[in-house]
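Please read these notes with the model open.

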Amino acid sequence: MKKMWLIGLNTFKESIRKKTLYIILIFALIVIGASKLFSFLTAEEELKMIKDVSFSAIEFFGALIAIFGALYAISGEIERRTIYTLVTKPIRRSDIVIGKFFGVSMIIFVNFILATIFFLGLLIFKKSPPDVEVLKTLLLIFFELILIGSITLALGTFTSDAFNIICSFFLYIVGHLTSYGKELIERAENIIVKGLADMLYTLVPNYENFNIRDKIVVGLNVSWGYVGYTILYGILYMCIALFIALYFFEKREI
Amino acid sequence: MKRKKGYRYFLAIVFCFICIHLVQVQIDYRKKLENLESALVLMPGQMAGSLILGGFKGLAADLLWLQMETYWHSGQHYKILPLLQAISWLQPSYILVWTIGGWHMAYNIYAEVKTPEEKQFWYQQGIQFLKKGLAYPFNANKYDIYFELGWTYYHKGKDYPNAVKYLEKATKYPHPDYVDDVLAHAYEKNGQIDKAIKQWEYVRDNYVAFYDIAVRMINDLKTKGKATP
């Protein structure tokens, strides 16, 4: 456990040295801050727009941070050959992968917390203190970001960086569309097509499960049951990503 | 040994996918139960389209709303209509879209058109738009659209039976004080004087801001049988 923690901490420290992540974070904060520009609207409309823009910015820029943070966690070490110093030590490869996952999660967490504090401060400034529904939305966004990071990390163990970026973004977009696909599956008459589509629906991560912000900003309530199941879904998917990462990293000739 | 480990990972992954399938069934069920489902929308226009693809429907609705504000303030009322439809499509639970949309058709466009037939047409369009908003369960559990319907029937259509019907529905959900006030007026206009007096008594006893008006109205209704001009 200590080894994993040290690897994670090292991954985190290495990432905070990269300027790319700072730039993405600054962009996120600018976008969240810019949502104050809607003051010409009525108070209700303005608050809705602040929440919409901020949630979207936290998610979108968070996804960028997750992808770029996880991208070089393993492949970067292989490229720079610093991985040799690790694998020659009495450390299991699984410790390296899980440690890297911890490190990527820390990067996502710190950036997420900074953007969240800024957003919540803006809400308090607007005399609309965040309620539990806002916190549920943020919690699900956080788990979505960790999931994105773990998938990128897994892809990094067996693909090139360029392919990894394309694949991660592709999954991010498709993952938000799968719930629409569900409607089409229900309408399909051919049993084979239906079965294949159903399988695809399970295989592709359904990021839309984590998206409750559209409902929260208009005053809908989401039960803790839904939040709990979605978090469980995220954790199960993270496990799959980690198993894939472990399999390919252990198989890899280094 | 390595191959054995590979099988273990494979089995673990299959097991996780089975669990995911079961969890997803639960999530889909709860989505249906809690009105969290998203409808399939394919919008014209690159900006809106690409935002929807990224799962940013709320943001797309906001951009359209800002565009609508621009049209509104420049007096291009007809251009607002497709935007209203699009926003209500993207975020049907955004109650303001329905109330503003209905008001916009039954009042703003109504005022712009010339012939009585056209005016009647836009009044009906406004009413229909508001009723469409009630088709969404979340909106049907709030006072807003019922009140807007009741008010439009009362004020614009002079259709008092329908006004009473919807205003009564509005008072069943948490609502501001003026809803009860309008309902009292509607009862009177609908010829239900006893109910109007009772409603004014309720307003007098519950809302300090309306106390003086309520006392005067009760007095007028009891003495003259008429209070609303």
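1. pLDDT is the predictor's confidence in each residue, on a scale from 0 to 100. Chain B has a mean pLDDT of 86, with 91% of its residues at 70 or more. For chain A the mean is 85, and 97% of its residues reach 70 or more. Within chain A, α6(A) has the highest confidence, at 94. The lowest is in helix α4 (residues 83–87) of chain A, at a mean of 76. For the complex, the predictor gives an ipTM of 0.82 and a pTM of 0.80.

2. Ground rules. This is a predicted model: local features need pLDDT of at least 70, side-chain atom pairs count only at pLDDT 80 or more, and totals for chains, interfaces and linings use all residues. Residues are numbered from 1 along each chain as its sequence is written, while chains are lettered from A and ligands numbered from 1 in the order in which they are written.

3. Chain B domains. Domain bounds come from an automatic or database domain assignment. That assignment gives chain B domain 1 (1–37) and domain 2 (51–223). The centres of domain 1 of chain B and domain 2 of chain B, taken over C-alpha atoms, are 46 Å apart.

4. Two residues are in contact if their C-beta atoms, placed from the backbone, lie within 7 Å. Chain A puts in 44 residues and chain B 36 residues. On the side of chain A that touches chain B, α3 (43–80), α7 (161–187), α9 (213–216) and α10 (224–251) each supply at least two residues. Helices here are DSSP runs (H or I, at least four residues), numbered from the N terminus. α10(A) gives the most to that side, with 16 residues. By class, the side of chain A that touches chain B has 23 nonpolar, 10 polar and 11 charged residues. Nonpolar means Ala, Val, Leu, Ile, Met, Phe, Trp, Tyr, Cys and Pro; charged means Asp, Glu, Lys and Arg; the others, Gly among them, are polar.

5. α6(A) on α10(A). What angle do α6(A) and α10(A) make? About 10°, with their axes 8 Å apart. Axes are lines fitted to C-alpha atoms, for helices over the stretch in contact, and angles run from 0 to 180 degrees between N-to-C directions. So α6(A) is roughly parallel to α10(A) (under 35 degrees; over 145 is roughly antiparallel, 65 to 115 roughly perpendicular, the rest oblique). The crossing of α6(A) and α10(A) is left-handed, that is, the near helix is turned anticlockwise from the far one by less than a right angle; clockwise is right-handed. The residues of this contact divide into 16 nonpolar, three polar and two charged.

6. α1(A) on α5(A). Helix α1 (residues 2–16) of chain A packs with helix α5 (residues 93–125) of chain A at about 45°, axes 7 Å apart. That angle makes α1(A) oblique to α5(A). The crossing of α1(A) and α5(A) is right-handed. Trp5(A) and Phe12(A) are among the α1(A) residues in this contact, and Ile96(A) and Phe102(A) are among those of α5(A). The contact of α1(A) with α5(A) has 11 nonpolar, six polar and three charged residues.

7. α8(B) on α10(B). Helix α8 (residues 143–156) of chain B and helix α10 (residues 177–189) of chain B meet at about 35°, with axes 11 Å apart. α8(B) passes α10(B) in a left-handed crossing. Tyr143(B), Phe147(B), Gly150(B), Trp151(B) and Tyr154(B) of α8(B) meet Val179(B), Val182(B) and Ala186(B) of α10(B). By class, that is seven nonpolar, one polar and no charged.
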